[in-house]
Amino acid sequence: MLDQKIKMNMVWYKNAQGIGHIKSDNLQTQIAIPVSKGGSGEGADPQQLLISSAVACYALTLAYMLDRKKVPVAGFFMDTEGNMAKGNQLSITHRPHVVLSSNASKKDISVVEALFLQAEKKCHIGQLLVKAGVPVGTEGKVSIDAGDDLTSDYIEKNQMEW
């Protein structure tokens, strides 16, 4: 018996220089072959999609764990870097930054630091990648809210839509 069924739709326009679209219940994105491989580069490529799956899994796992531990989170953002070495060896490093509310304790900081690694071990996508030989690591940071809105600053700095 299946626990979960995910249905996706895809359409591709034209040749290798064309573009495609992927759609699912809560996902809609454009895909393309990278320019370096003769494509248009006008959409996400397979490596970006794979790494974005690892990002989403890790971030959602960490957010869930922070909530379950009742950690006073003011904001949370993350940079993730995927590196492709010779021989197509991929490695992924997550760099989460959790901002705690000004009333957070030293114990809260310790809990967050422990959760960085626990989330890495509990993220199903990350663990699938590790089993496939992809090194996945985490370099987390915790700070206390000092009145600055670090999360909004991050959104603006990275030109993210919100």
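K70 is found in the loop between α1 and β4 (73-85); helices (H or I, at least four residues) and strands (E, at least two) are DSSP runs, numbered from the N terminus. This is a predicted model, in which local features need pLDDT of at least 70, side-chain atom pairs count only at pLDDT 80 or more, and totals for chains, interfaces and linings use all residues. Residues are numbered from 1 along each chain as its sequence is written, and side-chain values use heavy atoms, with hydrogens and water left out.

Back to K70. Its phi is near 55°, a positive value in a residue other than glycine. Most residues other than glycine have a negative phi. K70 counts as exposed because its relative accessibility is 69%; buried means under 20% relative accessible area, exposed over 50%, and partly exposed in between, with a 1.4 Å probe and protein chains only.

Q159 also has a positive phi, about 50°, and is not a glycine. Q159 sits in the segment after α4 (150-157). With 73% relative accessibility, Q159 is exposed.

Next, helix α1, which covers residues 46-68 and includes R68. R68 is exposed, at a relative accessible area of 57%. From R68 to N9 there are 59 residues in sequence and 34 Å in space, C-alpha to C-alpha.

Two strands pair if DSSP finds at least two bridges between them.

β1 and β2 have five bridges, and M10 stands opposite I22 in β2. These two strands form a hairpin with five residues between them, and K14 in the turn has a positive phi of about 75°. Strand β2 (residues 19-24) also pairs with β3 over five bridges, in the antiparallel sense. There, S24 has L27 in β3 as its bridge partner.

L27 belongs to strand β3 (residues 27-31). L27 is partly exposed because its relative accessibility is 38%.
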